[in-house]
Amino acid sequence: MDFLNAIVAFANFVIVPATSYGAQLALGALGVTLVFGILRFSNFAHGDTMAFGAMSTILVTWGFQSVGINFGVLPTALLALPFGIAATIGLLLLTDRTVYRFYRKQKANPVILVIVSMGVMFIMNGLVRFIIGPNDQRFGDGERFIISAREFKELTGLKEGLAIKTSAGITVVTAIIVVVVLFWFLNRTRTGKSMRAFSDNEDLALLSGINPERVVMYTWMIVATLATIAGVLYGLDKSFKPFTYFQLLLPIFASAIVGGLGSPVGAIAGGFVIAFSEVTITYAFKKVLGYLAPEGWEPTTLVQLISTDYKFAVSFAILIIVLLFKPTGLFSGKQT
Amino acid sequence: MSEPFLIGENMTGGYGSGPDILHDCTIAVEKGEIAVIVGPNGAGKSTAMKAVFGMLNLRGGAVRLDGEDISGLSPQDRVIKGMGFVPQTSNIFTSLTVEENLEMGAFIRRDDFSDTLAQIYDLFPILKDKRLQAAGELSGGQRQQVAVGRALMTQPKVLMLDEPTAGVSPIVMDELFDRIIEVARTGIPILMVEQNARQALDIADKGYVLVQGRNGFSGTGKELLNNPEVRKSFLGG
């Protein structure tokens, strides 16, 4: 019984949250990795693109809520998602037209594009704060839990409860659907293959008659979709605050780099590696070990490796370890 | 005399605003023939080919395809006009499968290209066996076949090969030359640059020996092989 309790406690505080966080990071990292693979620069504006997408979705959600449209047990935000995606696609295409294209024409060095993307980041950041404000916004509605801790305890008779939030369930399901569709697109469609070809060998892609502007346009559209979905899922799961999206940039980049920049599979794997490490290392194992340890050996301290305040240090540490021992990442992405 | 199918006439030019590499250089290929550009290292062989394909600025001369002046067209537009080009290096999409490489070759075609695909698999049977494998996992000779196959997917009117046998073993080289002859037999004129001058001139209908960006000697493959001066300077006696 104690053993089961330990497993349930571990699942409740580590596995479930890390899985949904991992899925959110994976979606974010996919966007970063696509921009890197095809436009060949590290897009620092990605976190704020996610914030913009989430914000647009929240505004539409509020609109729906005020006229009484809802999605039953599911959050209304899912209904608003397509509108948020459309707005973000518009923003990214506009940014590309006005900013990135200029530098692309000049064949600017990737380092210059990174700095440019930082500028874009600050502008998007300001735009989001200007429109929705810097504070926490709540927009989740519908059923809060798929199964709550109390229901679980009553159901199983265990001392520990396992709560699964609706947002966590939606995150995982949505992430799976998005990833399947994305891989189908990249591997099976003519446009998707041309994107991979362009990422693989730009000169040869040009010789084969692949239109770079078109590839870039599709890339931004996909990136906008991924960023908005990731942003909304993160907002539903935690809450929406522009600054946290800016901070997400670090774990997202860490995920993309750990997996191998430019490799979509790597981005997904990297997202989960980072999420599980972050949650596991900052979790206080007192409770779990309390169940497992023999009588009288229960830990008296929290058994927490590092405080949650330092969770970003985990991403950093993993990033450095991977860069030291396997600089191309787990799935050997492109080299800069 | 009728005009050759593809001709780069009196080409003078270099890369960007750099010094001229080609001086009054003329390269041509007739329908149904194989033309080979040979010459010592640094003679401007690849440069001459790139000039024909529009990858450098010409300061003099012109390129004509089937009588039409195409000197002002970009390489991409020349592909659409019917020129197939296989670069010397990074001439395949390494992370794509063999079949995807061929599909990308046919990117500009909107019609059904499955018979062209079948023709290429007939021409290069090994590619059919490996069609679902990533092209980057193939051997050097197989990669070159993928590269040539990719260029053939547009059903080009002329095929240009930049050192197709660079870095492959002699046996593979012979096989590649056999394949190139087969391609030529289907009626596609071939213009190629080769390091292995003797073997290349052996299969060539027309040969050009470049010396420092200028036409040194030209003639049929046989003439050049028998020319004592060419033999002495380039073919090792």
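**Close-up views of a predicted model**

**View 1. Strand β8 of chain B and its neighbours.** Strand β7 (residues 158-162) of chain B pairs with β8(B) in the parallel sense over four bridges. Strands are DSSP runs of E, at least two residues, and helices are runs of H or I, at least four residues, numbered from the N terminus. Two strands pair if DSSP finds at least two bridges between them. Asp162(B) has Val193(B) in β8(B) as its bridge partner. From β7(B) the chain crosses through helix α7 (residues 170-185) of chain B to β8(B), a right-handed β-α-β crossover. Right-handed means that, with the strands pointing away from the viewer, the path from the first strand over the helix to the second runs clockwise. Strand β3 (residues 34-38) of chain B also pairs with β8(B), in the parallel sense over four bridges. There, Val36(B) stands opposite Met192(B).

The model is predicted: local features need pLDDT of at least 70, side-chain atom pairs count only at pLDDT 80 or more, and totals for chains, interfaces and linings use all residues. Residues are numbered from 1 along each chain as its sequence is written, while chains are lettered from A and ligands numbered from 1 in the order in which they are written.

**View 2. Helix α2 of chain A.** This helix covers residues 46-66. Of its 21 residues, 15 are buried, so α2(A) is largely enclosed by the rest of the structure. Buried means 20 or more other C-beta atoms within 10 Å of the residue's own (exposed: 12 or fewer; partly exposed: in between), with C-beta atoms placed from the backbone. Gly68(A) follows α2(A), with a positive phi near 85 degrees.

Technical notes: The expected span of a helix is 1.5 Å times one less than its number of residues.
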